[in-house]
Amino acid sequence: MADPAAPRPRRIWRIVLVLSLALNLAVVGLVAGFALRGGKQGPPRAFDLSMGPIGQALRPEDRRAIASAIRQNRDLRPERGKPALFGVEDMIAALRADPFQPEDFAQSLKILEARQSKMRDAVREAVVAQITAMSDAERAAFAERLQDAGRKRN
């Protein structure tokens with residue numbers, strides 16, 4: 001006879017999937033935080049933030065200018081006294097809660113998604129501003145590098 005206190009396999013897989021999602025989101029948050037702080041000195045080697053071939057086609061000085069613009073964006077900075085990865089603590093607490101409350105976990109995901117959306121918007125605005133500031137010749141060279149980067153991905 002099966003032990004009625006033993007967790008059902010379906011529940012275990014749900015917990016494993018939730019933990020995997022949480023870990024993935026934490027990694028995304030760490031990468032975004034590293035990009036906001038600037039990382040090592042010198043030109044950012046892979047300032048990408050999901051920009052794909054666009055990030056690869058930008059010159060190091062363009063990536064540096066975009067990173068600087070994002071770091072200066074006050075809307076992306078955590079509030080004083082709050083950790084840089086705000087929302088993660090709430091997610092961890094929701095994951096550890098007994099009994100597990102899906103609504104609390106879903107709310108913590110919404111907070112992280114809103115933060116990521118702000119980051120994407122800031123990156124897009126900074127890239128558009130940087131490309132707008134380019135001369136016609138610089139934009140043509142960028143278009144050529146972008147085309148080359150697209151070919152390399154295929």
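The model is predicted. The chain has 6 helices and 0 strands. Of its 154 residues, 25% count as buried.

**Overall layout**

- Read from the N terminus, the elements run α-α-α-α-α-α.
- Among the helices are α2 (53–57) and α3 (60–71), with R59 in the loop between them.
- Helix α4 covers residues 88–96, and α5 covers 102–132.
- Helix α6 spans residues 136–153.

**Helix α5**

- Helix α5 has 31 residues.
- From its first C-alpha to its last, α5 reaches 44 Å. That is close to the 45 Å expected at 1.5 Å a residue.
- Several residues of α5 are buried, including F105, L109, L112, M119, V123 and V127.
- The buried set in α5 also includes S108, R115 and Q130.

**The loop between α4 and α5**

- P99 lies in the loop between α4 and α5.
- A cis peptide bond joins D98 and P99. Its omega is about 10°.

**The negative patch**

- A patch of negative charge sits on the surface, where E89, D90, E103 and D104 gather.
- Helices α4 and α5 are the elements that give two or more residues to this patch.
- E103 has its place in helix α5.

**Salt bridges: the overall count**

- A search of the whole structure finds 5 salt bridges.
- Side chains of opposite charge can pair when their charged atoms come close.

**Salt bridges around R59**

- R59 forms a salt bridge with E61, the closest N and O atoms being 3.4 Å apart.
- R59 also meets E138 in a salt bridge, at 3.7 Å from N to O.
- R59 is partly exposed, at 24% relative accessibility.
- E61 is partly exposed too, at 38%.
- E138 likewise counts as partly exposed, at 30%.

- The side chains of R124 and D121 meet in a salt bridge, at 2.9 Å from N to O.
- Why are R124 and D121 separated by about one helical turn? They are 3 residues apart in helix α5.
- An α-helix has 3.6 residues a turn, so residues three or four places apart point the same way.
- R124 is partly exposed, with a relative accessible area of 45%.

Conventions. Residues are numbered from 1 along each chain as its sequence is written. This is a predicted model: local features need pLDDT of at least 70, side-chain atom pairs count only at pLDDT 80 or more; totals for chains, interfaces and linings use all residues. Side-chain values use heavy atoms; hydrogens and water are left out. Patches are made of residues with over 30% relative accessible area and no salt bridge: like charges are joined within 9 Å, nonpolar side chains (Val, Leu, Ile, Met, Phe, Trp, Tyr) within 5 Å. Accessible areas come from the Shrake-Rupley method with a 1.4 Å probe; for residues, only the protein chains shown count as cover. A salt bridge is a side-chain nitrogen of Lys or Arg within 4 Å of a carboxyl oxygen of Asp or Glu. Lys and Arg count as positive and Asp and Glu as negative; His and the chain ends are not counted. The place of a charge is taken as NZ of Lys, CZ of Arg, CG of Asp or CD of Glu. Helices (H or I, at least four residues) and strands (E, at least two) are DSSP runs, numbered from the N terminus. The expected span of a helix is 1.5 Å times one less than its number of residues. Buried means under 20% relative accessible area, exposed over 50%, partly exposed in between (1.4 Å probe, protein chains only).
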